[in-house]
Amino acid sequence: MNNMNKKVALILHSNFEEGEAVITIDVLRRANIRVDIFTLNDKLLTTGSHNIEINANFLFKDLKIANYDGVVLPGGPGCDDLLDHNDLHEVIIAFNNQNKLVAAVCGAPQILGAAGVLEKVKLVKHPLSNKFIDLKNVQPNNVYVDNNILTGVSIGTSVVFALKIVEYLLGKDESEKIKQQLVIF
């Protein structure tokens, strides 16, 4: 299988959690999954919550869902500003309706909830990120997959989150190979 055939769109926003974004990009690219970085800002340079700037590849308005196997949303304090971002919600809904991967970590599952794709979906999220989340569906795990929705708790679980994306897209064997490269026991 040519892993470069798998592609995900990672969407940055102002005040994103840099570690969650960079770790996920790094792990996915180690597995030869193409990661295109999009920004919701009107310029490619996007500043995270710890003043680290990342230069995105594309503007969000140029995202073509048909070109991707999934979408990934890092968390961070900027997530609260996206709870009413209708264009982002439409993209999330479209990925979900096509049964493509929809992955969110930390505070970003709230955005999935605001978009209306978490009904009866089991998930994990940051302990303080409770908006648009049905708390009875929250699981006691670091990462959780419910059909095509994959969620992670925080920056502290970013490697596990990213490995689970690899497993989802390429299978357990490929995820285990990357885990060994990362020297995780």
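**Close-up views of a predicted model**

View 1. A disulfide would need the two sulfur atoms within 2.5 Å. The search of the whole structure finds 0 disulfides. Cys79 is accordingly in no disulfide, and its nearest cysteine sulfur belongs to Cys106. Are these cysteines buried or exposed? Cys79 has 1% relative accessibility and so counts as buried. Cys106 has 12% and also counts as buried, because the limit for that label is under 20%.

**View 2. The largest nonpolar core.** This core holds 30 residues. Which of them touch the most other members? They are Ile11, Leu63, Leu73, Leu88, Ile92, Ile111 and Leu112. Two or more residues come from each of these elements: strand E1 (7-12), strand E6 (70-73), helix H2 (86-97), strand E7 (101-105) and helix H3 (109-115). Helix H2 gives the largest share, 5 residues. In soluble globular proteins, nonpolar side chains tend to be buried together.

**View 3. Contacts of Ile92.** Ile92 is one of the core members with the most contacts to other members. Residues up to four places away in sequence are not counted here. Beyond them, Ile92 touches Leu73, Val102, Ile111, Leu112, Ala115 and Val117. Of these partners, Leu73, Ile111 and Leu112 are also listed among the members that touch the most others.

**View 4. Thr24 in helix H1.** Thr24 lies in helix H1, which spans residues 18-30. How is Thr24 placed, buried or exposed? Its relative accessible area is 1%, so Thr24 is buried. Leaving out residues up to four places away in sequence, Thr24 touches Leu10, Gly19, Val72, Ser158, Phe161, Ala162 and Ile165.

View 5. Strand E8 (residues 143-146) and strand E9 (residues 149-152) run antiparallel. How many bridges join them? There are 4. Val143 has Gly152, in E9, as its bridge partner. The two strands form a hairpin with 2 residues between them. Asn147 sits in the turn and has a positive phi of about 55°.

How values were computed:
Residues numbered from 1 in each chain as written. Predicted model: local features only at pLDDT ≥ 70, side-chain atom pairs only at ≥ 80, totals over all residues. Heavy atoms only, no water. Pairing = 2+ DSSP bridges. Core = buried A, V, L, I, M, F, W, Y, C linked by side-chain atoms within 4.5 Å. Buried < 20%, exposed > 50% of the residue type's maximum accessible area, 1.4 Å probe, protein only. Contact = heavy atoms within 4.5 Å.
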